[in-house]
Amino acid sequence: QANQEHAHDIDSQANAQLDHISETWKSQRSELKGLWSGRLAQMEDVFAADISSLQSQQISERNGFQTQQAKLASCPIAIKGPGIQHNEWGQIQNQRKLRPSVLLLDLDQRYNKAMTTHRYGIAKELREQYQAQALVEWEQQTMKENAEYHSRSNKLEGEHKQQMKALWLRHRSALNELDIKADKELVMCDNYWRKQIQRLKEDTIEQRKQALSC
């Protein structure tokens, strides 16, 4: 009877210790989860700030690009008229000048020659041809500049997407690494307390054997 009572006391003590271990395990696990959740929240705040900063930078770059393009587009393309000397043409204050083609230069020379020799009828025809050709080349240059603008715009947009993607991937990798560390520490915590419980059970069994054998 005494042995049974002793064994019962051992079981009671073991149950009390088991309850204490379980509560301590639960408390420590909750503390660890709160710690890692806080670190995760801090990292997400940094992530949001980085995204906002990059977005502001990209908006500033796009606005600057569009402002520069609008300023350029608002400046008309100056076309050298027939008979205007190159030194006079060079003095025209204009950021955009239509660069005369070989054909325009030839028409210009022929026009000047016709005017010099007083062949005004031919000069008039050459002047009209020059003006028509200049208009064609002006349209071609405008189309070329528009195509270049859209190409640069698309390139800038592509670069911004790549920057944002790289930033997202960098932060996603950091978040995944943090999750792995958190999981690893929780596993270590669980393994430690499982071993404590297993050791308590083994010790209890051994103590009960000894109590019942006396």
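Figure 1. A search of the whole structure, which is a predicted model, finds five salt bridges. One of them joins arginine 29 to aspartate 190, with 2.9 Å between the closest N and O atoms. Arginine 29 belongs to helix H1 (residues 2-74) and aspartate 190 to helix H4, so this pair ties together parts that lie 161 residues apart in sequence. Arginine 29 counts as partly exposed because its relative accessibility is 28%. Aspartate 190 has a relative accessibility of 8% and therefore counts as buried.

Figure 2. Glutamate 157 and lysine 161 form a salt bridge in which the closest N and O atoms are 3.7 Å apart. The two residues are four apart in helix H4, so about one helical turn separates them. With a relative accessible area of 39%, glutamate 157 is partly exposed. Lysine 161, at 55% relative accessibility, counts as exposed.

Figure 3. Aspartate 106 forms a salt bridge with arginine 110, and their closest N and O atoms are 3.4 Å apart. Because aspartate 106 and arginine 110 are four residues apart in helix H3, about one helical turn lies between them. Aspartate 106 counts as partly exposed, at 32% relative accessibility. Arginine 110 is also partly exposed, its relative accessible area being 40%. The view includes alanine 123, which is 13 residues from arginine 110 along the chain; the C-alpha atoms of these two residues are separated by 7.8 Å.

**Figure 4. Length and two faces of helix H3.** Helix H3 covers residues 102-116, 15 residues in total. Which residues of H3 are buried? They are Leu104, Leu107, Asp108, Tyr111 and Ala114. These residues cover an arc of only 130 degrees around the axis, which means that they are on the same side of H3. Helix H4 (120-213) is included in what covers the buried residues of H3. The face turned away from the buried side carries the exposed residues Val102, Gln109, Lys113 and Thr116.

**Figure 5. Helix H2 and the confidence of the model.** The mean pLDDT of the chain is 86, and 87% of its residues reach 70 or more. Where in the chain is confidence lowest? Helix H2 (residues 86-90) has the lowest confidence, at a mean of 47, whereas H4 has the highest, at 91. Over residues 87-92 pLDDT stays under 50. For residues 87-92 the model has eight contacts beyond four places in sequence.

Definitions and conventions
Residues are numbered from 1 along each chain as its sequence is written. This is a predicted model: local features need pLDDT of at least 70, side-chain atom pairs count only at pLDDT 80 or more; totals for chains, interfaces and linings use all residues. Side-chain values use heavy atoms; hydrogens and water are left out. The expected span of a helix is 1.5 Å times one less than its number of residues. Buried means under 20% relative accessible area, exposed over 50%, partly exposed in between (1.4 Å probe, protein chains only). The arc is that of the directions from the helix axis to the C-beta atoms. Contact means heavy atoms within 4.5 Å. A salt bridge is a side-chain nitrogen of Lys or Arg within 4 Å of a carboxyl oxygen of Asp or Glu. pLDDT is the predictor's confidence in each residue, from 0 to 100.
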